[in-house]
Amino acid sequence: MTRRRRRSDLRRVLILGAGGHGRVVLDILLQTGAHQVVGFLDNNAQVHGRRVDGVPVLGGIDSLPLLAEQLDIDGVVIAIGDNGVRRGLARQVESFGIDLINAVHPSAALARNATLGRNVVVAAGVVVCAHCQIGDSVILNTGCIIDHQTMIGEGSHICPGVRIAGRVKVEPGVFVGIGATVIPKVTLGCESVVGAGAVVTADVPALATVVGVPARPIKLAATSEDLAAMLAPAPV
């Protein structure tokens, strides 16, 4: 995509999603001092033409390729909480040849050897310790702690106040609810859900939902076909 020369060194950014999470991402990008948020895109036609915290909602997400060219956009962040939708949109944005960028709050503490994928949101007060690997389109929400050598899979959402110990494997699409705790060396299977405040002391199967202290399953996947369907990108 051809870029015009600009006087400002700020990166021109669009945010996909103008809801509550979009407001958080906007604040993160502005706190960095390195971004100019040009606008939001959202498929809710009722918010088109309005402003969210002073930033205009320019139209639907399907207008992204045209607007990215017209507005000389440097990158996009997807601010949508649904894990499947966020992952599917990320792949669509990449197919347009548009860069996915990260939104990392200045107050977050990231180890020098931690790695982040693309389209990662790291909110205020997050701690990511040594040798952690954070996949594409992950949300690390306010004040969560990811301890050493933990892997967070693509499209997962780690909610505020979660504490994940060392050498945990979080597979793609996992949702860990607010205030949950995960002990060392366990695996959270693909698309599993950990309830708010739960304490996970054993591996969680794919597609299972666990709650309580210690966490116990209340829902398990019926068939392998269910898993394949959940891993497919959501339609947009």
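**Entry 1. Strand β17 and its sheet**

I began at K169, which stands opposite T187 in β20. K169 belongs to a strand pairing, for two bridges join strand β17 (residues 169–170) to β20, and the two run parallel. I took strands (E, at least two residues) and helices (H or I, at least four) as DSSP runs numbered from the N terminus. I took two strands as paired if DSSP finds at least two bridges between them. I noted that the model is predicted, so local features need pLDDT of at least 70 and side-chain atom pairs count only at pLDDT 80 or more, while totals for chains, interfaces and linings use all residues. Residues are numbered from 1 along each chain as its sequence is written, and side-chain values use heavy atoms, with hydrogens and water left out.

I then traced the sheet to which β17 belongs. It is an open sheet of five strands in the order β8-β11-β14-β17-β20, with parallel pairing. Its edge strands, β8 (115–116) and β20 (187–188), each pair on one side only.

**Entry 2. The six-strand sheet**

I looked up a further open sheet, in which six strands follow the order β7-β10-β13-β16-β19-β22 with parallel pairing. Here β7 (109–110) and β22 (199–200) are the edge strands, each pairing on one side only. Strand β19 (residues 181–182) is joined to β22 by two bridges, and the two run parallel. T181 has V199 as its bridge partner in β22.

**Entry 3. The chain as a whole**

I recorded four helices and 24 strands in the protein chain. Of its 236 residues, 47% count as buried; buried means under 20% relative accessible area, exposed over 50%, and partly exposed in between, with a 1.4 Å probe and protein chains only. The accessible surface comes to about 10,900 Å², and carbon and sulfur atoms hold 54% of it; the areas come from the Shrake-Rupley method with a 1.4 Å probe, and for residues only the protein chains shown count as cover.

**Entry 4. Nonpolar cores**

I used nonpolar core for a set of buried Ala, Val, Leu, Ile, Met, Phe, Trp, Tyr and Cys residues joined through side-chain atoms within 4.5 Å. The largest has 32 residues, and L140, I146, I158, I164, L188 and V200 have the most contacts inside it. Apart from this core lies another of 19 residues, among them V37, F40, V55 and A79. Taking contact as heavy atoms within 4.5 Å, I checked I146: leaving aside neighbours within four places in sequence, its contacts include V127, V128, L140, I158 and I164.

**Entry 5. T150**

T150 is found in the loop between β13 (145–146) and β14 (151–152). Is T150 buried or exposed? It is buried, with a relative accessible area of 0%. Its side chain reaches the backbone oxygen of A165 at 2.7 Å. Beyond neighbours within four places in sequence, T150 is in contact with residues including H131, C132, I164 and V168.

**Entry 6. Cysteines**

How many disulfides does the structure hold? I found zero, a disulfide being a pair of cysteine sulfur atoms within 2.5 Å. For C129, the nearest cysteine sulfur, that of C132, is 6.1 Å away. C129 counts as partly exposed at 22% relative accessibility. For C144, the nearest cysteine sulfur is that of C159, 8.9 Å away. C144 is buried, with a relative accessible area of 0%.

**Entry 7. Backbone details**

The peptide bond from V213 to P214 is cis, with omega near -10°; P214 lies in the loop between β23 (209–211) and β24 (216–219). N119, a residue other than glycine, has a positive phi near 60°. N119 lies in the loop between β8 and β9 (121–122) and counts as buried at 1% relative accessibility. Phi of Q149 is also positive, near 60°, but Q149 counts as partly exposed at 36% relative accessibility.

How values were computed:
A polar contact is a pair of N or O atoms within 3.5 Å; within protein, one must be able to donate a hydrogen and the other to accept it, and residues adjacent in sequence count only if both atoms are side-chain atoms.
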